[in-house]
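Subject: Structure handover

Hello,

Here is the structure I promised to pass on. My notes on it follow below.

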Amino acid sequence: MSYSDDMAAFYDAWVRREEQIVADLTAALALPLPLPPRRRSDALAPLVDAAVAHVAAYYEHKSRLADRDVVAALDPRWLNPLERTFLWAWGWKPALVFRFVETGGVGLGLGLGPEQRRALEELRAATAAAEREVDLQVAAVQESLAGPRVLAALRRQRQPPRRNDEAVAAVGRSLRVVLAAADALRDRTLRGVVGLLAPDQAGAVVAAMLRFHLGVRRAGRDWTSGQRRV
């Protein structure tokens, strides 16, 4: 099994686990509101933690793939075409999580206090600044691909350049660093948002976020299947 095939198998199992997490969150969020707040929080808190850990597990597995073959990690064939349209620096854009704070039920029904709103806006601004830094890093690596040493390595051989060519290896290391930085920002942003919310608020946000991903996954799969039948 190739590294990419291993990632595809992991991803299929990971998505099935995500479906169960969403079902559990949905059931907990549907508990009657007269339920004592402590009991509701006790039910939701471990599910929110499980959802955050679930997302982190994807980044960790992708990181191990990048350690073995960074090019395979940057070519996510385990994603369908619709999922790939959402890619930013080879993954979901970190700021997208703030959309689910606005639309996932928090802003509409669960309510945010003034301090929460202020802290979330500060986190949003910090995330936007960090995204710009990653954009600069990606641009720098792309420019290095057109550097004279890399181009010379490409001209020396008809096949793709050997990994032990130092110029090519240096680019590979840079790509690995940028990928790690982008995934760390994604993880940090999600944890930061969840950390500012009460368990019922955080449950609504992560449930909305995971439902959106599953919807994109299903729509992309159905679209791809339809294209194959044409």
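Helix α7 has 32 residues, and the distance from its first C-alpha to its last is 47 Å, close to the 46 Å expected at 1.5 Å a residue. The expected span is 1.5 Å times one less than the number of residues. Helices here are DSSP runs of H or I with at least four residues, numbered from the N terminus. Buried residues in α7 include Q116, L123, E131 and V138, where buried means under 20% relative accessible area with a 1.4 Å probe, protein chains only.

Please note that this is a predicted model: local features need pLDDT of at least 70 and side-chain atom pairs count only at pLDDT 80 or more, while totals for chains, interfaces and linings use all residues. Residues are numbered from 1 along each chain as its sequence is written, and side-chain values use heavy atoms, with hydrogens and water left out.

The core

The largest nonpolar core has 54 residues. Such a core is a set of buried Ala, Val, Leu, Ile, Met, Phe, Trp, Tyr and Cys residues joined through side-chain atoms within 4.5 Å. L25, Y58, V134, L190 and V193 have the most contacts inside this core. Helices that each supply at least two of its residues include α1 (3-29), α7 (114-145) and α9 (166-195), and α2 gives the most, with 10 residues. Leaving aside neighbours within four places in sequence, L190 is in contact (heavy atoms within 4.5 Å) with V52, V55, V97, V206 and M209.

Around Y11

Y11 lies in helix α1 and is buried, with a relative accessible area of 2%. W14 is in α1 too, three residues from Y11, about one turn of the helix. The ring centres of Y11 and W14 are 5.6 Å apart and their planes are at 20°, so the pair is stacked. Rings of Phe, Tyr and Trp (its six-membered ring) pair if their centres lie within 6.5 Å; planes under 30 degrees apart are stacked, over 60 edge-to-face and the rest tilted. Together with Y58 and Y59, these two residues form one aromatic cluster. Y11 and W78 are 67 residues apart in sequence but 6.9 Å apart in space, C-alpha to C-alpha.

The largest cavity holds about 360 Å³ of space. A cavity is a set of points on a 1 Å grid over the protein atoms alone where a 1.4 Å probe fits but cannot get out, and lining residues have an atom within 4 Å of a point. Of its 23 lining residues, V55, Y59, W92, R186 and M209 are the closest to its centre.

Regards

Note on methods: Buried < 20%, exposed > 50% of the residue type's maximum accessible area, 1.4 Å probe, protein only. 1 Å grid on protein atoms, 1.4 Å probe; cavity = no way out; pocket = protein on both sides within 12 Å on 5 of 7 lines; lining within 4 Å. Points joined across faces, edges and corners; volume = space filled by probe spheres on them.
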